[in-house]
Amino acid sequence: PDLPRLGQAAAWFNADNQGRTGARPQCGAAQQGRVAYAVMKGRTVTNVTAAWSTGSPMWRNAAKSAAEAETWMAQSAASGMAVWYHWLGAQTGLGEDRRWQETGRRFLQWHARHDRHFANRRSIATLAVVLAQRTQTFYQPPAEGGSGEEVQGFYSSLVENRIPFDFVHEDDLGPGTLSKYRALILPNAALLSDAQCRQLEDYAAAGGSLIATFETSLYDELGRPRPDFGLARLFGIAKAGPREGSRGFQNSFYARLEQKHPLTAGFSNTNWIAGAEWRQPVRAAGEPLMTVVPPYPAYPTEITYTETMRTTEPAAAARENGASRLVYFAGDVGRTYWRSGLPDPGQLLRNAIEWVLRGEWPVRVEGEGLLEMFAWETAPGFAVHLLNYNNPNFHRGMLRRHSPVGPQRVRMTLPAGVRVRRAELLSAGVPLRFRQQGAQLVFEVPRVDAYEVAAF
């Protein structure tokens with residue numbers, strides 16, 4: 001469906017996102033919540049959580065593990081959705097397997113006790129990922145996997161680095177929506193209309209920063225190819241030939257490090273790094289930060305070498321235009337990171353995000369483990385939600401049990417003039433000690449089991 005049109009008409013959005021199957025990551029409900037918030041803008045969203053054993057093989061009247069059900073409900077609540085926990089089969093299932101009942105009772109009674117802290121007024125994120133729905137629906141990527149994999153790579157980087165972010169829909173790029181964000185990410189938003197390109201140019205002209213990858217804006221909203229990028233002028237790039245990728249038993253392209261820059265920080269003892277599987281050749285003004293070493297044989301082992309050790313083709317372009325910072329990656333670095341898990345493209349994504357945000361975002365969380373974070377202004381104050389994904393079953397369900405993580409040190413920037421009077425940890429059920437200096441709020445969460453909420 002056309003999500004913005006649906007959002008304009010719907011008073012209530014019900015997400016039938018009951019659980020995960022196969023190798024879906026644990027964060028699937030949180031992703032659903034981010035999408036729904038972008039569409040509904042604070043109106044009611046429910047997420048159906050199955051108490052039964054979703055997946056294949058299927059048992060619709062056998063309870064899923066308590067840990068799996070709890071994390072799905074926690075992600076729903078943290079991302080701003082209302083929890084809808086359900087069971088099927090009144091005659092065949094209600095009395096035979098009763099394990100699901102205590103799981104729901106425990107979570108929902110806890111949720112009810114703290115209901116006011118889940119009355120969200122706004123997300124306090126200053127970074128947004130553009131949800132390019134036409135690209136997701138109609139674009140055919142050149143390699144296996146769907147077009148959503150580029151989004152998944154950026155999503156992973158943002159979660160791993162505990163950076164708060166929202167989604168914004170491609171049909172909602174006016175200043176009323178974008179003015180709150182310091183930067184936008186365009187993860188291979190291949191299909192963009194002329195009007196959308198002009199909106200993004202206006203956003204940059206007003207001081208907003210952008211990151212884009214691969215074929216972003218090379219097609220119009222109907223999927224018709226453009227001779228050049230719709231955002232060529234904004235990023236200072238030009239198309240220099242058809243897209244290229246590794247084929248058969250070839251290395252994917254390497255990115256040779258040519259200059260010291262925040263984008264190339266963190267790489268030592270190497271002249272090149274892993275680039276991406278596919279790229280769009282481009283020309284760019286100025287000396288490139290990184291150049292492309294094209295694919296060459298990986299097999300047979302006797303010919304694993306190249307005679308093209310250096311080119312002038314840019315692997316990335318970065319520029320500043322007034323207050324705006326602009327980064328373009330020629331490769332599908334998000335998808336490459338998602339599929340390979342190699343640190344190199346992940347470091348590139350992190351560097352780009354930190355550079356366009358100028359190293360500043362409203363909530364910083366430091367500590368061990370894999371956690372997803374949401375930060376909200378609420379009816380009584382503020383809430384920082386920490387979802388613990390530190391689990392061997394993160395990429396494949398079901399969770400057997402939670403793996404607690406230790407202290408998380410948090411620094412939060414509050415709006416000017418706000419004074420915090422009281423704070424508590426909702427899951428631990430204890431008061432939270434904090435220190436406030438001007439707009440800076442500093443506190444420590446001693447432990448996160450499945451889910452913790454610092455409420456102010």
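## First stop: aspartate 332

Select aspartate 332: you'll find it in the loop between β19 (324-329) and α10 (333-340). Helices here are DSSP runs of H or I with at least four residues, strands are runs of E with at least two, and both are numbered from the N terminus. Before going on, a word on the ground rules: this is a predicted model, where local features need pLDDT of at least 70 and side-chain atom pairs count only at pLDDT 80 or more, while totals for chains, interfaces and linings use all residues. Residues are numbered from 1 along each chain as its sequence is written, and side-chain values use heavy atoms, with hydrogens and water left out.

Is aspartate 332 buried or exposed? Its relative accessible area is 3%, so aspartate 332 counts as buried. (Buried means under 20% relative accessible area, exposed means over 50%, and partly exposed is in between, using a 1.4 Å probe and protein chains only.)

Now show the side chain of aspartate 332, which reaches the backbone nitrogen of glutamate 277 at 3.4 Å. That is a polar contact: a pair of N or O atoms within 3.5 Å where, within protein, one must be able to donate a hydrogen and the other to accept it, and residues adjacent in sequence count only if both atoms are side-chain atoms. Ignoring neighbours within four places in sequence, aspartate 332 is in contact with Glu150, Phe214, Ala276, Glu277 and Trp278. Contact here means heavy atoms within 4.5 Å.

Phenylalanine 214 sits in the loop between β10 (209-213) and α9 (232-235). With a relative accessibility of 1%, phenylalanine 214 is buried as well. Check its backbone too: phi of phenylalanine 214 is near 55 degrees, a positive value in a residue other than glycine. Most residues other than glycine have a negative phi.

## Along helix α11 and past its end

Jump to aspartate 344, in helix α11 (residues 343-356). Aspartate 344 has 21% relative accessibility and therefore counts as partly exposed. Leaving out neighbours within four places in sequence, aspartate 344 touches Phe267, Ile273 and Ala274.

Carry on to arginine 358, in the loop between α11 and β20 (363-366). Arginine 358 has a positive phi of about 55 degrees although it is not a glycine, and at a relative accessible area of 34% it is partly exposed.

The loop between α11 and β20 also holds tryptophan 361. Here the relative accessibility is 10%, so tryptophan 361 counts as buried. Beyond its neighbours within four places in sequence, tryptophan 361 is in contact with Thr126, Arg162, Ile163, Pro164 and Glu354.

## Glutamine 436 in strand β26

Now select glutamine 436, in strand β26 (residues 434-437). Glutamine 436 is buried, at 13% relative accessible area. Which backbone oxygen does its side chain reach at 2.8 Å? The one belonging to valine 418. The backbone oxygen of glycine 438 also lies 3.0 Å from a polar atom of the side chain of glutamine 436. Leaving aside neighbours within four places, the contacts of glutamine 436 are Leu414, Val418, Arg419, Val420 and Leu441.

## Two cis peptide bonds

Most peptide bonds are trans. Zoom in on serine 56 and proline 57, though: the bond from one to the other is cis, with omega near 0 degrees. Proline 57 is in the loop between β3 (52-53) and β4 (59-63). A cis peptide bond also joins glycine 397 and methionine 398, with omega about 10 degrees. Look for methionine 398 in the loop between β22 (382-388) and β23 (408-413).

## Zoom out

Finally, show the whole chain, which has 11 helices and 28 strands. The C-alpha trace spans about 70 × 55 × 50 Å along its principal axes. Of the 456 residues, 56% count as buried. Among contacts in the chain with a separation of 6 or more, 76% come from residues 24 or more positions apart.
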